[in-house]
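Subject: Structure for your files, with notes

Hello,

Please find the structure below. My notes follow it.

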Amino acid sequence: MKRYTNTLNEEIERMKSLFTEERMFGNLITEDVNGDPIASYTEILTSNDFSTADAKATEPIYSREFKPYNIVKIKQKLTSTDGEELFEDDFEFNRASLKFSIKLKENAQKVVDTWSGYIEFNYTDNKDKPATLTIQSGDGFTLDSNKANGKGADAFKTQFAEAVKSEWFNSKSGTNPEFSTKKDAGDVKQQRKDDVNATRKEINRSKDECRDFVKDMYKQVRQGKTKEEFQKEDIQGIQFCMNSFYTTFEKEGLFRKGDEIRIMYKTLGIRPTEKMIELGAGKDDEEITGDTFDDAKAEAGVEGERYVVKDQNGTKVAIVRKVGANKFNFRSKVNIPLVDKNDKGNIKFRKEYVSSIYKELNIDPNKQRIIIQKAVETDKMDVGTFVLTNVEK
């Protein structure tokens, strides 16, 4: 009888042991649980305006749209190494936004042990097709559990706070137009003073700095950038560099017969000096020297409209769209050589198509002339940008 009593007592003790701190749901705990539940992470994200379509998903993704954002950096990402723009000519960046997404993953102990972040930008490519640019962690921002300083929600919060400060989400790199305290306002005022002093230094460059600066400015003009898109100090910098070192640059062969400078000067609205004209910067085979840009007088076409250019036989040869007050994008039909590539330095439309383009856009050649700023061949089509100059009488 005693043997049965001991057996019963042993069974009771065994059952009690199942509910001790060392055991959970009948399974012995042999390792520590390291991490925080997903609720700790979602609280951080939702308090910063991130949301998810399915909070109960195995690997929920929380996202937020950022607008404004750094358009300059996105355009750089969407420009190939040879300067070709991979987005549609008239894509409206100001209406787009950056989507910042964060994926969370739980382990078997129901704690988050992995997180990762990435940025997405939806746009229309240069073939008029919808596309998405994906920017992974490590490219200007870091949000990766493998690179965090520790584990858990605190480590995530620290990394997350730095990620959202990335230049990708600033409309202008290094600035923040929003401030809420007098101290912040004072800091911004001082920053503006520092910027003015820095601008003076940027305008007055050395010869080597000027050489690189002029090359970069010319490249941007060739890619279709207009006067309104440049900063005032950029134009002042060109004037300083060219007044100081033009003769040296010309002797070094930096320019091809002055055509590059002529186009850049016309775009920026700068008149060449007599010395520059003498060296070739003001010469123009089309006899339009002395032209000046005046967007108010660029009357050809209606902004936003597409124009179909046909040759004398009625065959479609190109499509032109007016995308600004004085900015036009063009694209030839497949296998139509619209641009004269034999005339080095001064890019022109081929003679057999020039009159058709002027006619379709209702341009009076006695009052306005076309200047091509950029022209590339892609997928057997000539694609580029041009502006109009006004002929002075």
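Buried is used here for a relative accessible area under 20%, exposed for one over 50%, and partly exposed for what lies in between (1.4 Å probe, protein chains only). By that scale Asp-128 is partly exposed, with a relative accessible area of 36%.

On provenance: this is a predicted model, in which local features need pLDDT of at least 70 and side-chain atom pairs count only at pLDDT 80 or more, while totals for chains, interfaces and linings use all residues. Residues are numbered from 1 along each chain as its sequence is written, and side-chain values use heavy atoms, with hydrogens and water left out.

Overall content

The protein has 393 residues, of which 38% count as buried. Its secondary structure comes to 10 helices and 13 strands; these are DSSP runs numbered from the N terminus, with helices being H or I of at least four residues and strands being E of at least two. A contact means heavy atoms within 4.5 Å. Of the contacts in the protein with a separation of 6 or more, 59% are between residues 24 or more positions apart.

Helices α2 and α4

Two packed helices are described by the angle between their axes and the distance between the axes. For α2 (residues 38-46) and α4 (residues 153-163), the angle is about 25° and the axes are 10 Å apart. That makes α2 roughly parallel to α4. Angles under 35 degrees count as roughly parallel, over 145 as roughly antiparallel, 65 to 115 as roughly perpendicular, and the rest as oblique. The axes are lines fitted to C-alpha atoms, for helices over the stretch in contact, and the angles run from 0 to 180 degrees between N-to-C directions.

The crossing of α2 past α4 is right-handed, a term for a near helix turned clockwise from the far one by less than a right angle, left-handed being the anticlockwise case. On the α2 side the contact is made by Ser-40, Tyr-41, Ile-44 and Leu-45, and on the α4 side by Ala-153, Phe-156, Lys-157 and Phe-160. By class, this contact has six nonpolar, one polar and one charged residues. Here Ala, Val, Leu, Ile, Met, Phe, Trp, Tyr, Cys and Pro count as nonpolar, Asp, Glu, Lys and Arg as charged, and the others, Gly among them, as polar.

Within α4, the buried residues are Ala-153, Ala-155, Phe-156, Gln-159, Phe-160 and Ala-163. Seen down the axis of α4, they fall within an arc of 155°, so they line one face of the helix; the arc is that of the directions from the helix axis to the C-beta atoms. These buried residues pack against α2, β4 (98-106) and β5 (112-124). Asp-154, Thr-158 and Glu-162, on the other side of α4, are exposed.

The loop between β6 and α4 holds Ser-145, which is buried at a relative accessible area of 4%. Neighbours within four places in sequence aside, Ser-145 is in contact with Asp-113, Thr-114, Trp-115, Lys-151 and Gln-159. Pro-130 is in strand β6 (residues 130-136) and is exposed, with a relative accessible area of 76%.

Leu-338 lies in the loop between β9 (327-332) and β10 (339-340), and it is buried, with a relative accessible area of 1%. Not counting residues up to four places away in sequence, Leu-338 touches several residues, including Phe-330, Phe-349, Tyr-353 and Ile-357. Leu-338 and Val-383 are 45 residues apart in sequence and 8.9 Å apart in space, C-alpha to C-alpha.

In α10 (residues 351-360), Tyr-353, Ser-356, Ile-357 and Tyr-358 are buried. Their cover includes β7 (306-310), β8 (316-324), β11 (348-349) and β12 (368-378).

Backbone points to check

Most residues other than glycine have a negative phi, and most peptide bonds are trans. The following depart from that.

- Lys-67 and Pro-68 are joined by a cis peptide bond, with omega about 5°; Pro-68 lies in the loop between β3 (61-66) and α3 (71-77).
- Asp-49 has a positive phi of about 70°; it lies in the loop between α2 and β3 and is exposed at 58% relative accessibility.
- Asp-128 has a positive phi of about 65° and lies in the loop between β5 and β6.

Regards
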